[in-house]
Amino acid sequence: MYVCMCHAVTEDQVKKAIDGGAGTPRQIARGCKAGTDCGSCVRRIQALLGEHGARPCPTARLAAKLGLAEPETPAAPAPEAVPVAPLRVA
């Protein structure tokens, strides 16, 4: 099955790259150019990396280039409400 249609890269080629030591989408791209053109294959490459125990997420730069959302950080807890006495008008 093809992973990257732009460069005719198959799933087997990506798996061989991972077995050969590639641990990021960028390292896979260096070897076979998958993910360097339109970018639609990057998520599948990430999934293959994750299945093989490598780093499945793209670098921040690649995520920005592809328009992927930044990971959400947990929101800080809301400060406790401080009771306020009503104003008295004289």
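Ala 8 is partly exposed, with a relative accessible area of 45%. This residue sits in the loop that joins S1 to strand S2 (9–10). The model is predicted. The protein has four helices and two strands, and their order from the N terminus is β-β-α-α-α-α.

**Overall figures**

- The protein has 90 residues, and 28% of them are buried.
- Its accessible surface amounts to about 6,800 Å², and carbon and sulfur atoms hold 56% of that area.
- Among contacts with a separation of 6 or more, 53% are between residues 24 or more positions apart.

- Most residues other than glycine have a negative phi, and most peptide bonds are trans.
- Ala 8 is not a glycine, yet its phi is positive, at about 50°.
- Cys 6 also belongs to the loop between S1 and S2.
- The relative accessible area of Cys 6 is 39%, so this residue counts as partly exposed.
- Leaving out residues up to four places away in sequence, Cys 6 touches Asp 37 and Cys 38.
- Cys 6 and Lys 33 are 27 residues apart along the chain, and 9.0 Å separates their C-alpha atoms.

**The largest nonpolar core**

- In soluble globular proteins, nonpolar side chains tend to be buried together.
- Here the largest nonpolar core has 13 residues. Those with the most contacts inside it are Val 3, Val 9, Val 14, Ile 18, Ile 28, Ala 34 and Ile 45.
- H3 gives the most, with three residues.
- Which residues does Val 14 contact, leaving aside its neighbours within four places in sequence? They are Val 3, Val 9, Ile 28 and Leu 48.

**Helix H2 and the residue after it**

- An α-helix has 3.6 residues a turn, so residues three or four places apart point the same way.
- The buried residues of H2 are Pro 25, Ile 28, Ala 29 and Cys 32.
- Viewed down the axis of H2, these buried residues lie within an arc of 105°, so they line one face of the helix.
- Arg 30 and Gly 31 are exposed, and they are on the face of H2 turned away from its buried side.
- Lys 33 follows H2 and has a positive phi, near 70°. Lys 33 is a residue other than glycine, and its place is in the loop between H2 and H3.

**Helix H3 and the residue after it**

- In H3, the buried residues are Val 42, Ile 45, Gln 46, Leu 48 and Leu 49.
- Around the axis they cover an arc of only 160°, which means that they are on the same side of H3.
- Which exposed residues does the face of H3 turned away from its buried side carry? That face carries Arg 43 and Glu 51.
- Gly 53 follows H3, and its phi is positive, near 80°.

Definitions and conventions: Residues numbered from 1 in each chain as written. Heavy atoms only, no water. Core = buried A, V, L, I, M, F, W, Y, C linked by side-chain atoms within 4.5 Å. Buried < 20%, exposed > 50% of the residue type's maximum accessible area, 1.4 Å probe, protein only. Contact = heavy atoms within 4.5 Å. Arc of directions from axis to C-beta. Areas by Shrake-Rupley, 256 points an atom, 1.4 Å probe, with all protein chains shown as cover.
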